[in-house]
Protein chains: 2
Amino acid sequence: MLAKKYTAVAGQSSVIREIFEYGKKRAAVVGADNVFDFSIGNPSVPAPEMVNETAIRIMQTEDSCKVHGYPSAVGYDDTREAIAANLNRRYHMQYHKNNIFMTIGAASAISLCFRVLADYGQDDEIMVCAPYFPEYKCFIEGAGVKVTEISADPKDFQINFPELESKLNVHTRAIIINSPNNPTGVVYSEDTLKKLAAILEEASNRFGRPIYIISDEPYREIVFDDKTVPYVPHFYKNTLVCYSYSKSLSLPGERVGYIAFTDEISDADIMLGTIGAVAREMGYVGVPSLFQMVVRDCVDALSDISVYETNRNILYKALTQMGYQCVKPDGTFYIFPRCLEEDAENFCKRAQKYDLLVVPSTSFSCDSHFRLSYCVPTKRVERALPLFEKLIKEYRG
Amino acid sequence: MLAKKYTAVAGQSSVIREIFEYGKKRAAVVGADNVFDFSIGNPSVPAPEMVNETAIRIMQTEDSCKVHGYPSAVGYDDTREAIAANLNRRYHMQYHKNNIFMTIGAASAISLCFRVLADYGQDDEIMVCAPYFPEYKCFIEGAGVKVTEISADPKDFQINFPELESKLNVHTRAIIINSPNNPTGVVYSEDTLKKLAAILEEASNRFGRPIYIISDEPYREIVFDDKTVPYVPHFYKNTLVCYSYSKSLSLPGERVGYIAFTDEISDADIMLGTIGAVAREMGYVGVPSLFQMVVRDCVDALSDISVYETNRNILYKALTQMGYQCVKPDGTFYIFPRCLEEDAENFCKRAQKYDLLVVPSTSFSCDSHFRLSYCVPTKRVERALPLFEKLIKEYRG
């Protein structure tokens, strides 16, 4: 007798979480060391020491009613100023505090953007580029909006532009992109962003309404070989940047993120207020107060993320040498090799026989690949390699 | 060019917040000591010392990846077990961890309940009893559901049963109650709850579908004269209890609360999963991890809330002696006297001339009263009394 929309999916969890739960059960049987769980994308490095030191200092020296009190809905002024200054320094932007709306992590940031840009139950559409984080679909459909999927370009996992152009229409309100990308680890190139910007500008003019880019950037700092991630607002004006400190400060549980936009976007005068109206209606109230203050004081800090690059190097080299095909990840803690058969789910089941727990690409709306999360100790990566070798030998007979 | 539903209310803030902002500006002119701001309901007592001590101990002794890592969507098992044990001890219940879903404060708890019980854009209705917290309307309408308002019974601010009975219908999915009540400070009596339960049981049978009580209880522990607050699930089976640690632990900014339900509710088998499905779609992800652990270890602690009773005693005695009419608050940190004229907004404006900042009852869907929040230093209460005296003399000529 509950709401039909939800009882239909009650208790459903993601395939990723199911594999993760299987891994925990399996560990009880064969020992945790013998289960090679590469399913979940949880940061495996601690927060910088400065984070706990700062939290402790604030609690020991500041007034409890302030430290744990209600922040305003948009977030603390000084936290937003610190974030604006950090982005201005790094990307030569001119953000000020009213360009920043604090959010309960990146999930709430993108959920807010979907509702800000598209009307519930109308014909509005949001575009997603496969392969993509499966929760996008859940959040977009939850906002009463249609998901328009652009299929993957497995050659390099940049954007499939012919399909994107063919699917843009008068109902398109936004496209969400995620670079560095979960699940591929690929960073969108400057060329990709320039081309995307040109297409969206032309379409916005043609349809007489701006099409926004929602740029979901929780992995922005996890990039390898001293590469830099092109900053999307440099390429396209109508960009809403969504960020979380879950990866850069290894604080996924503390739920602190933000939405940033420039004064140049089409709806600059009402953007902050409209985000606030959605947040109010969704019962968000505000972002955890102590960790907003911690972010203010640790905005330039970064977890020691070198293990991710180490793991990427080991995995990419070994897997390609064995004969696995994969696009080299530029960042994140994911690699997305091609399966050894067409059916990704079947492949992942066969891998499971070796206690290699990886996620089929079908979870990310893409065929014949698997996601391997290497936010794990390097030892686990190294010990798993002989099993990947056995697996490919089994396939090659 | 943003979503119409939200641009219409972009930047709108509540009357309460407008008065609060006026107070800050006025303080800059006449000095903070000369502005008697009774507008906002922010706890004014610190968290128990144990709270910060526990947070610091956890950060100093436990693994950072665990302390700040993703909790599962329902919340930590041990936190939910601790909450269940606390409720079982105090209310002789049989809760277990799967009766508890952790939420980002009470606002997200009730927002979840509205969506769990009522379908977006159908004819579903949720009942609210005036006077009520204005955000209820925002959350219910945000869930695409109709608000059915039961007008106040200003005699004692219990429930207006004749009106409730006349408005119950086949579309009624739930009623939200809030005892101890914001804005009246009144606790619903056992008689009120028995009568409510009888009416809802009869109506549920008549309409062939359970009507739930959503019991919003953030003020549960703030009760005076050694009274106890009747525990709603003792009176009505289909109750969803919504709670927040914002008042009992003075942690409003840390956003930790929960929904609790028994195994006896009509939809017990799918309730946890359905709440999870809504939370997933709303981008909630999970409840801040460190403070979930703090709640686990401090579940029996309570802030020193004696100042609220002190203030209630001073205010109730002085205001009634001056000639103000008011129902005596049993708890919370609010008092809700009758205005000295019919027009509550005009009355509050006249009070503002004396720098007495109180909120007109129209904000709570009720006429001719005003809310005074006494979660302030006792000195502010005492120094305001001569001004309330002047105000009534002005009215009485």
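What follows is a conversation that sets values against definitions.

Tutor: This is a predicted model, in which local features need pLDDT of at least 70 and side-chain atom pairs count only at pLDDT 80 or more, while totals for chains, interfaces and linings use all residues. Residues are numbered from 1 along each chain as its sequence is written, and chains are lettered from A and ligands numbered from 1 in the order in which they are written.

Student: What makes the radius of gyration of chain A agree with that of a compact globule?

Tutor: The radius of gyration is taken over C-alpha atoms, and the globule rule is 2.2 Å times the number of residues to the power 0.38. For 397 residues the rule gives a value near 21 Å, and chain A has 21 Å, so the two agree. Along its principal axes the C-alpha trace of chain A spans about 65 × 55 × 55 Å.

Student: How many helices and strands does chain A have, and what counts as one?

Tutor: Helices (H or I, at least four residues) and strands (E, at least two) are DSSP runs, numbered from the N terminus. Chain A comes to 14 helices and 12 strands.

Student: Which domains does chain A have, and what is said to join them in contact?

Tutor: The bounds come from an automatic or database domain assignment, which gives domain 1 (4–47 + 304–396) and domain 2 (50–297) in chain A. Two residues are in contact if their C-beta atoms, placed from the backbone, lie within 7 Å, and by that rule 26 residues of domain 1 of chain A are in contact with 30 residues of domain 2 of chain A. On the domain 1 side, helix H12 (306–322) and strand E9 (334–335) of chain A are the elements that give two or more residues, and the largest share, 3 residues, comes from H12(A).

Student: How are the residues on that side of domain 1 of chain A divided into nonpolar, polar and charged?

Tutor: Ala, Val, Leu, Ile, Met, Phe, Trp, Tyr, Cys and Pro count as nonpolar, Asp, Glu, Lys and Arg as charged, and the others, Gly among them, as polar. Sorted in this way, the side of domain 1 of chain A that touches domain 2 of chain A has 14 nonpolar, 8 polar and 4 charged residues. In the contact between the chains, which takes 67 residues from chain A and 66 residues from chain B, the chain A side divides into 34 nonpolar, 23 polar and 10 charged.

Student: Why is A:Asp226 called exposed, and why is A:Asp355 called partly exposed?

Tutor: A residue is buried if 20 or more other C-beta atoms lie within 10 Å of its own, exposed if 12 or fewer, and partly exposed in between, with C-beta atoms placed from the backbone. A:Asp226 has 5 other C-beta atoms within 10 Å, so it is exposed. A:Asp355 has 17 C-beta neighbours inside 10 Å and therefore counts as partly exposed. Although it is not a glycine, A:Asp226 has a positive phi of about 55°, and A:Asp355, also a residue other than glycine, has a positive phi near 60°.

Student: Why is H10(B) called largely enclosed by the rest of the structure?

Tutor: Of its 14 residues, 10 are buried, so H10(B) is largely enclosed. The buried residues include B:Met271, B:Leu272 and B:Ile275. They pack against H1 and H7 of chain A together with strand E2 (100–103), helix H6 (105–117) and strand E8 (257–260) of chain B.

Student: How do you know that the length of H10(B) agrees with what a helix should span?

Tutor: The expected span is 1.5 Å times one less than the number of residues. For helix H10 (residues 268–281) of chain B that should be 20 Å, and its end C-alpha atoms are 21 Å apart, which agrees. Just after H10(B), B:Gly283 takes a positive phi of about 75°.

Student: Which residues of H12(B) are buried, and what puts them on the same side?

Tutor: In H12(B), the residues B:Tyr308, B:Asn311, B:Arg312, B:Leu315 and B:Tyr316 are buried. They cover an arc of only 125° around the axis, which puts them on the same side of H12(B); the arc is that of the directions from the helix axis to the C-beta atoms. The face turned away from the buried side of H12(B) carries the exposed residues B:Ser306, B:Lys317 and B:Gln321.
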